[in-house]
Amino acid sequence: MRAFAISAALALAGAMLFTILTFTATPEPLPVADAQRRETLQERLRRLPGDHRGWARLASQYVDQARVTGDPAYYGKAEGALATAARLDGRDDAVLAAQAALAAGRHEFTDAVRLAERAIAANPYGVAAYGVLADARTQLGDLRGAKRAVDRMMELHPGVPAFTRASYAAELRGDLGKAREYLEMAQNDAWAPADVAYTRYYLGELALHAGDLKTAADWYGKALTAYPAYTPALAGQARAAALGGRLTEALALYERVVERLPLPQYLIEQGETRIKAGQRADWTLLRAQRKLFAAAGVRDDLTWAEFEADHGDPATAVRHARAEYARNPNLVAADALAWALFKAGEPAEALRHAERATATGWRNPLLAYHRATIERALGRPARVDPAFDPTLSALARFS
């Protein structure tokens, strides 16, 4: 799953979702004064506390920091900044767009759509709101609505945020050539090191999920050359090493990854690689992260549906998967529900959801493996890709 954010960081919940929840390709760091002591945003707001757009911008930066650092406490800070912004001018498009981004970050995608549409009504030329709208509609399974929002972004400002979203839309349709073309356009448009790293990383992801581990590793290396702090690319190198059978190298890389950013996706990938190497997986930190996210108001049934189906209790997985699919009926949620049902001994019901998950032509190796396995259990002819390693299923999910 191209999860959760097209940004220079990665999505807060790692393995979870495939939307693109940020205003630009690169999250803007919290301002720091330079050598000439330019005024920071916080200083400006102390001087001009009535600047509602400044408060909205600060909230947006906090949302981005939650993704960059993996610290969900930034969502609470964003909420506080937005409360001030809304009190000053709750009808401003920048305030509404920032509220939409926060809602999306917390997986409240219906609210994100409502707020993004209000922002667009207030300012039909605001690119940021269309980006959040595209992401949220994708998460809700409305791919046509998402495409309309992306098309509008392309009209208003064809750049990295628009190109990367267009790439993902093409990928979900199964058009990998077009997806790669849009990513190359994004790379050509990128100039900030983090943006360059981001586009190279996803070119690596496309290669990885096509089975071309060498090309994928090359792109991940190029991403790190552009921006050495870009943790998703380091995780990509770990993923390519594990899938290539270089487990010792992969585990060393995963140690560095989770030291930087202990998100659920990476912790699960690390655990599965340890199991593959004959070691014991320790899920203690993963469960601690789960509590942190829940305390910050992040709803993440999808990660736990996937985790419980592969490593825990199938009945618990079904409960989480049904809750996720009821809120966000997208392709990944359909797959999670299908796999949970299959693991719980209900292959007939599972097949309906597996068919939904693969209906658009998306060439996702994990979804294909799940559907083929379910069909075989029902006595139907189905080809399971012999190159797919089900013991490393988390590594096949888009990060």
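**View 1. Helices H14 and H15 pack at an angle of about 165° in this predicted model.** H14 covers residues 264-276 and H15 covers residues 284-295, and their axes sit 10 Å apart. Angles over 145 degrees count as roughly antiparallel, and H14 and H15 are therefore roughly antiparallel to each other. Their crossing is left-handed. On the H14 side, look for Pro264, Leu267 and Ile268; on the H15 side, the contact uses Leu285, Leu286, Gln289 and Phe293. Sort those residues by class and you get 6 nonpolar, 1 polar and no charged.

**View 2. Here helix H11 meets helix H12, with axes that come within 8 Å.** H11 runs over residues 213-226, H12 over residues 231-243, and the two axes cross at roughly 160°. That angle makes H11 roughly antiparallel to H12. From H11, the residues in contact are Leu213, Ala217, Tyr220, Gly221, Ala223 and Leu224. They meet Ala233, Leu234, Gly236, Gln237, Arg239, Ala240 and Leu243 in H12. By class, this H11 contact with H12 holds 9 nonpolar, 3 polar and 1 charged residues.

**View 3. Helices H18 and H20 pack at about 35°.** H18 spans residues 331-343, while H20 takes in 365-377. Their axes lie 10 Å apart, and H18 passes H20 in a left-handed crossing. H18 brings Leu331, Asp335, Ala338, Trp339 and Phe342 to the contact. Facing them from H20 are Leu367, Tyr369, His370, Thr373, Ile374 and Ala377. The tally for the contact of H18 with H20 is 8 nonpolar, 2 polar and 1 charged.

**View 4. The largest pocket holds about 470 Å³ of space.** Its lining is made up of 23 residues. If you want to find the middle, go to Gly211, Pro365, Asp385, Ala387 and Phe388, which lie nearest the pocket's centre. Split by class, the lining residues come out as 16 nonpolar, 3 polar and 4 charged.

View 5. Which helix gives the most to the lining of the largest pocket? That's H20, with 4 residues.

Methods: Residues are numbered from 1 along each chain as its sequence is written. This is a predicted model: local features need pLDDT of at least 70, side-chain atom pairs count only at pLDDT 80 or more; totals for chains, interfaces and linings use all residues. Side-chain values use heavy atoms; hydrogens and water are left out. Axes are lines fitted to C-alpha atoms, for helices over the stretch in contact, and angles run from 0 to 180 degrees between N-to-C directions. Helices (H or I, at least four residues) and strands (E, at least two) are DSSP runs, numbered from the N terminus. Angles under 35 degrees count as roughly parallel, over 145 as roughly antiparallel, 65 to 115 as roughly perpendicular and the rest as oblique. Contact means heavy atoms within 4.5 Å. Ala, Val, Leu, Ile, Met, Phe, Trp, Tyr, Cys and Pro count as nonpolar, Asp, Glu, Lys and Arg as charged, and the others, Gly among them, as polar. On a 1 Å grid over the protein atoms alone, a cavity is a set of points where a 1.4 Å probe fits but cannot get out, and a pocket is an open set with protein on both sides within 12 Å along at least five of seven lines; lining residues have an atom within 4 Å of a point. Grid points are joined across faces, edges and corners, and a volume is the space filled by probe spheres set on the points. A crossing is left-handed if the near helix is turned anticlockwise from the far one by less than a right angle, and right-handed if clockwise.
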